[in-house]
Amino acid sequence: MERPGRAALGAQPRANGCGAAHGALRNGFVRGLPGTQINHVVHNGGLYKRPFNEAFEETPMLVAVLTYVGYGVLTLFGYLRDFMRQWKIEKCQNAIEREEQKDFVPLYQDFENFYTRNLYMRIRDSWNRPICSVPGAKVDMMERVSHDYNWTFTYTGRVIKGIINMGSYNYLGFAQNNGTCQQAAAKVLSQYGAGVCSSRQEMGNLDKHEELEKLVARFLGVESAMAYGMGFATNSMNIPALVGKGCLILSDELNHASLVLGARLSGATIRIFKHNNMQSLEKLLKDAIVHGQPRTRRPWKKILILVEGIYSMEGSIVRLPEVIALKKKYKSYLYLDEAHSIGALGPNGRGVVDYFGLNPEDVDVMMGTFTKSFGAAGGYIGGKKELIDYLRTYSHSAVYATSLSPPVVEQIITSMKCIMGEDGTTFGPGIAETVVDFICRALISLGYLENIAAQEKQVYKSHSGDEASRVWAFSGTKPTLPPRCSSRRDLFMVRTASLYDEVCGANRLPWSSLNTARSYRQNRKVQI
């Protein structure tokens, strides 16, 4: 497809620094356009042949205003309650400094805890609800009550059963207490035990760890890979091993906290570019090349770009073809976090690189986690053999951390082989493509989602009554849904037809009568 001319582009709503005549830009959204749907159409200097289109819902102005007004009212009442606590009119139940220690350095910052004690505490019951079952399509939840406005909770001993789970990272349903993965993990548990009790460089390197790393490298299409016991530490402990003083990190403004922490611990200079904004990233790269380090003007030792495959709280996909083009143009390095995209995106479930049909060798550091699509724990880093050999020696997470538990390793191996189609079944291949269709059908049958295929937009309905009260969701947007929903709900993927029937029950609609999201995914493909 040829790129349209300047006049044609000026007539279209555009974002990410391309200018918009209808309103201001903020985080890639065009404000003030008619309607609630926005299609991102970005053209960036011929880095790719076709525009990258993304469909997002615009937050209605009334909803945005009422939200800010609500926060303002809560803040005012919070200050009033703090005043009442100070004068002993209201009982103070939050942690404060003792009077006899007032001359010491304070352990608690009063203003930093303002949100927790005055806003979050009022709705605390909506979070941290303990479950007592497998995080499947339905969960069992422990009932609890509070008699002091959520400062403390008392468990009644009653279990609420059959709560629809929409707040789990169990994207593909591998975290179950039955089936192939459970049987394989149980067998390894009886042979190796529950833990290794040592690091990989001492007595904690098992043959299962070697098998896992070879499988991960083959799955990603890279030379070598290394597994870690914690996904968060995979970022926070490995980035300091890759860059340091005299290096420059260019980080997306919406990157995960683990990436932010790793960048800060590295001691490198950090500069932030606007979310998915290639013009902003290219400007920082140009400035870094032209001006070099502050004061000395020496060239940077390394320039590392930090991005995520799917941004979990926004549901947006990184513009990877453009990032790779800029990385090659300015001779920098690319660190890609595929925590939410690996296993759940792309025709083969191999993440955003597979989704765009790119060469894995173009990504210098491929990071991901086993905690979501694979239903286990830990993380990995893949890349060239020289990189992995370096990290085995210099990464704090590799040298000092305890090895992955053998049953967890087997869980990852079995689920990954299932996705790759090497387990002898036909369940795995294509699961990442069909899982979106399953959840859309389930939500449509329950009446929570209207699927308007012609306009490719999804609207959440609010319901009252018993049906709505039995749906449990956490804040956040699950990236495996096609468009991002303005209600920002964290959605669990219903992965099989039997689970679909179980969730929907009497409200089930015929599968053939429901539109799917396949056309949406096909329209989002980009030709490089």
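Student: How many disulfides does the structure hold?

Tutor: This predicted model holds zero disulfides. C181 is in no disulfide, and the nearest cysteine sulfur, that of C418, is 6.5 Å away.

Student: Why is C181 called buried?

Tutor: The term buried applies under 20% relative accessible area. C181 has a relative accessible area of 8%, so C181 is buried. By the same cut-off, C418 is buried, because its relative accessible area is 6%.

Student: Which residues of helix α8 are buried, and what makes them one face of the helix?

Tutor: In α8 (residues 257-266), the buried residues are S258, L259, G262, A263 and S266. Viewed down the helix axis, they fall within an arc of 135°, so they line one face of α8.

Student: Against what do the buried residues of α8 pack?

Tutor: Their partners include the helices α6 (231-236) and α7 (239-242), as well as the strands β8 (248-252) and β9 (269-273). After α8 comes G267, with a positive phi near 85°.

Student: Which residues touch the most other members of the largest nonpolar core?

Tutor: That core has 57 residues, and L212, L281, L320, V352, F370 and M416 touch the most other members. Helix α14 (residues 406-420) contributes the largest share, seven residues. Apart from this core lies another, of 21 residues, among them I239, L242, L259 and L391.

Technical notes. Residues are numbered from 1 along each chain as its sequence is written. This is a predicted model: local features need pLDDT of at least 70, side-chain atom pairs count only at pLDDT 80 or more; totals for chains, interfaces and linings use all residues. Side-chain values use heavy atoms; hydrogens and water are left out. A nonpolar core is a set of buried Ala, Val, Leu, Ile, Met, Phe, Trp, Tyr and Cys residues joined through side-chain atoms within 4.5 Å. Buried means under 20% relative accessible area, exposed over 50%, partly exposed in between (1.4 Å probe, protein chains only). Helices (H or I, at least four residues) and strands (E, at least two) are DSSP runs, numbered from the N terminus. The arc is that of the directions from the helix axis to the C-beta atoms. Contact means heavy atoms within 4.5 Å. A disulfide is a pair of cysteine sulfur atoms within 2.5 Å.
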